[in-house]
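I opened my notebook today to look at one protein model, step by step. Come along and check each entry against the picture.

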Amino acid sequence: MTILVYLESYDGELTGHAKEEVGMANEIATHTSQGIVGIAIDSNTSSLAQQAGSVGITELKLATIDSYNPRAYAKTIENIYQDGDILIFPTSTWGHEIAAYLAMDLEAAPITDIVEVRGDNKYIRSTNSNGVLVTVEPEGPKILSCRQGVFSIPEEQDSTANVTEIAAGEGHKNFRVKQVEPLQMTRVPLSDADIIVTAGRGVGSADKIPVVEELVDILDAALGATRAIVDDGWVDPDLQIGQTGKTVSPRLYIACGVSGAIQHITGMKTSDVIVAINTDEEAPIFDIADYGLVADLHEVIPEMVKQLKAMKQ
Ligand SMILES: Cc1cc2nc3c(=O)[nH]c(=O)nc-3n(C[C@H](O)[C@H](O)[C@H](O)COP(=O)(O)OP(=O)(O)OC[C@H]3O[C@@H](n4cnc5c(N)ncnc54)[C@H](O)[C@@H]3O)c2cc1C
């Protein structure tokens, strides 16, 4: 009986979320004493053993599949699954698709959005925009998904996992992925960011977003957004943080012109350090901020960028 961790990757790179999955597996292992085995499926597998080893995976099952196909990925995993294994997926679009196919085949109920491991078969999952925590003690096959930004990434190690090549599973005859088109990302994705700088409606208009982006770039941060500016079409919906967007937990979160509506806070309140810049001293974001600046972001941010540039020189 093993803890099988599907290590999410794209084009040969493990995602930050995959590393958190290993963190969750480690926590489960402290309760069950089961060994941990990674599973990676990708078209480019050349450095996955090294990447898996660097987060403490010693044994890696590796399959090569030309392009993402949830049916084929699920079959690949099902072929090595044995009764009593625990399966871990990321709480991500791919993770949930693959988990759903597997759950159908194994006649299991996937348990999604796990935020805490409480025992050898007791998990806490978060629902209703983090408003309700549910304790689950599953019977039968355990297919679990790990909520992003909750479990710690294991310390980096200088080691490489031992690889066993496994056969790729069959896709479905009625299901073929014709094209996978990655978004052109020039910055760190939200999921991998240590620092997030979020723009809210207080920025003023779409053409003023570059003011915030200057701070993003000088800090090597990711750009986040409130739903207000996503709905107004100022930025890509993929950047939205909150109840109907992403949940993040960076080391530093800088909210610029963000009021701090509950639906936004729900997605970022576990950030280590929260800084808020807002002209309204009554704005609710200040209730959760560690540092607050009651100021116009158009005055403060250019000054911050100037000082940071000077520090970097
Ligand atoms: C079902 C549902 C789901 C939702 N999901 C989400 C979600 O996932 N994520 C999300 O973010 N929202 C979500 N919302 C929307 C949410 O309720 C708020 O409307 C939204 O977060 C507000 O965005 P904002 O803070 O950018 O804008 P506003 O609330 O308009 O706040 C703008 C802030 O900028 C300040 N400001 C103005 N000018 C300046 C300046 N020059 N310098 C500094 N500060 C300035 C103002 O004082 C104000 O506090 C959801 C709502 C619903 C009903």
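Is I41 buried or exposed? My first look-up says buried, because I41 has 26 C-beta neighbours inside 10 Å. The rule I used calls a residue buried if 20 or more other C-beta atoms lie within 10 Å of its own, exposed if 12 or fewer, and partly exposed in between, with C-beta atoms placed from the backbone.

Before going on, I noted that this is a predicted model: local features need pLDDT of at least 70, side-chain atom pairs count only at pLDDT 80 or more, and totals for chains, interfaces and linings use all residues. I also noted that residues are numbered from 1 along each chain as its sequence is written.

**Entry: around I41**

I found I41 in strand β4. Strands (E, at least two residues) and helices (H or I, at least four) are DSSP runs, numbered from the N terminus. Leaving out residues up to four places away in sequence, I41 touches A63, I65, Y73 and T76; a contact means that two C-beta atoms, placed from the backbone, lie within 7 Å. I also checked A168, which is 127 residues from I41 along the chain, and their C-alpha atoms are separated by 8.3 Å.

**Entry: the nine-strand sheet**

I traced an open sheet of nine strands in the order β9-β8-β7-β10-β6-β1-β4-β5-β11, and its pairing is mixed. Two strands pair here if DSSP finds at least two bridges between them. β9 (132–136) and β11 (162–165) each have a single partner strand, so one side of each is left without a neighbour in the sheet. As an example of pairing, β7 (residues 111–119) and β8 (residues 122–127) run antiparallel and are joined by four bridges. I picked out E116, whose bridge partner in β8 is I124. Helix α4 (residues 93–106) packs on the sheet and touches β1, β6, β7 and β10.

**Entry: the cores**

I looked up the largest nonpolar core and found 42 residues in it; V5, L87, I88 and L102 have the most contacts inside it. Such a core is a set of buried Ala, Val, Leu, Ile, Met, Phe, Trp, Tyr and Cys residues joined through C-beta atoms within 7 Å. A second, separate core has 34 residues, including W234 and V248.

**Entry: the five-strand sheet**

Next I followed an open sheet of five strands, β13-β12-β14-β15-β16, where the pairing is parallel. β13 and β16 (291–294) stand at the edges with a single partner strand each, so one side of each is left without a neighbour in the sheet. β12 (residues 195–199) and β13 pair over four bridges. Among the bridge partners, I196 goes with A222, and T198 goes with G224.

**Entry: the ligand**

How many residues surround the ligand? I counted 28, and the closest are G200, G202, R227, G242 and S259; a residue is near the ligand if its C-beta atom, placed from the backbone, lies within 6 Å of it. α6 (227–231), α7 (262–265), β15 (273–278) and α9 (297–312) each supply at least two residues of this shell. The largest share, three residues, comes from α6.

Key. Axes fitted to C-alpha atoms, helices over the stretch in contact; angles between N-to-C directions.
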